[in-house]
Structures are given as structure tokens and as C-alpha cells.
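Take a walk through this chain. Begin with a residue in a loop, then move to its counterparts elsewhere.

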Amino acid sequence: MKLWIDAANAGSLRVFGMSLIERNLKAARHQKLELEEVIVDFGASAVLPFAREPRLECPVRVVQTAGDCAQRLRAALDSA
């Protein structure tokens with residue numbers, strides 16, 4: 001299974017002291033899903049720094065794909 005995170009509007013919001021991306025990565029680890037890969041898509045916006053979840057046992061790929069949310073998700077599905 002792959003996990004796609006829409007980070008185009010991630011901004012500077014923090015949840016429990018973590019960015020939304022960091023929180024999603026931690027939640028993925030806690031769900032004990034058998035993930036092949038996590039894709040963090042920043043859309044056309046600048047890539048924000050985030051701490052990777054060290055205990056998540058799959059690669060995390062950061063991409064910048066043009067388009068709206070549906071177009072970017074479709075691109076991720078097509079690349080699977």
C-alpha cells in the first residue's frame with residue numbers, strides 16, 4: 001500500500017508540536033499499515049522542511065506536482 005499526503009497547503013500549522021506532515025507520518029506508523037512508500041506532494045508550492053518519522057519502515061518520497069488536488073492524486077496513482 002502507498003500513502004499519498006497532500007501537502008500543498010500544509011503551511012505552518014502545528015498539531016501536538018508537529019507539522020501536519022509530521023503528524024500524518026506518525027499516524028501512519030501507529031496504524032501499523034504495511035506501507036511500500038509514502039508520497040508527500042507539495043503541489044506547486046515550495047517544499048517545507050519536515051522531520052521524517054524515523055520508525056516508519058518505508059521510503060518517503062517528496063514530489064512537487066502541478067495541478068489541483070485531484071490532478072496530483074491522479075498523477076500519483078498513474079505512477080504506481
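Start with Phe16. Its relative accessible area is 71%. Phe16 is therefore exposed, as the cut-off for that class is over 50%. The residue sits in the loop that links strand E2 (14-15) and strand E3 (18-19). Its backbone deserves a look as well. Phe16 is not a glycine, yet its phi is positive, at about 55 degrees.

Keep in mind that this is a predicted model. The mean pLDDT of the chain is 88. A score of at least 70 is reached by 100% of the residues. Strand E2 has the lowest mean pLDDT among the elements of the chain, at 82. Helix H2 (residues 69-78) has the highest, at 94.

Now go to Lys32. This residue lies in the loop between helix H1 (20-30) and strand E4 (37-41). Lys32 also has a positive phi of about 55 degrees, and Lys32 is not a glycine. Is its side of the chain buried or exposed? Lys32 has 72% relative accessibility, so it counts as exposed.

Follow the chain into strand E4, where Asp41 is placed. Here the relative accessibility is 1%. Asp41 therefore counts as buried, since the limit for that class is under 20%. Which residues does Asp41 touch, leaving out those up to four places away in sequence? The list includes Trp4, Ile5, Asp6, Ala7 and Ala8. Val63, Gln64 and Thr65 are also on it.

Technical notes. Residues are numbered from 1 along each chain as its sequence is written. This is a predicted model: local features need pLDDT of at least 70, side-chain atom pairs count only at pLDDT 80 or more; totals for chains, interfaces and linings use all residues. Side-chain values use heavy atoms; hydrogens and water are left out. Helices (H or I, at least four residues) and strands (E, at least two) are DSSP runs, numbered from the N terminus. Buried means under 20% relative accessible area, exposed over 50%, partly exposed in between (1.4 Å probe, protein chains only). pLDDT is the predictor's confidence in each residue, from 0 to 100. Contact means heavy atoms within 4.5 Å.
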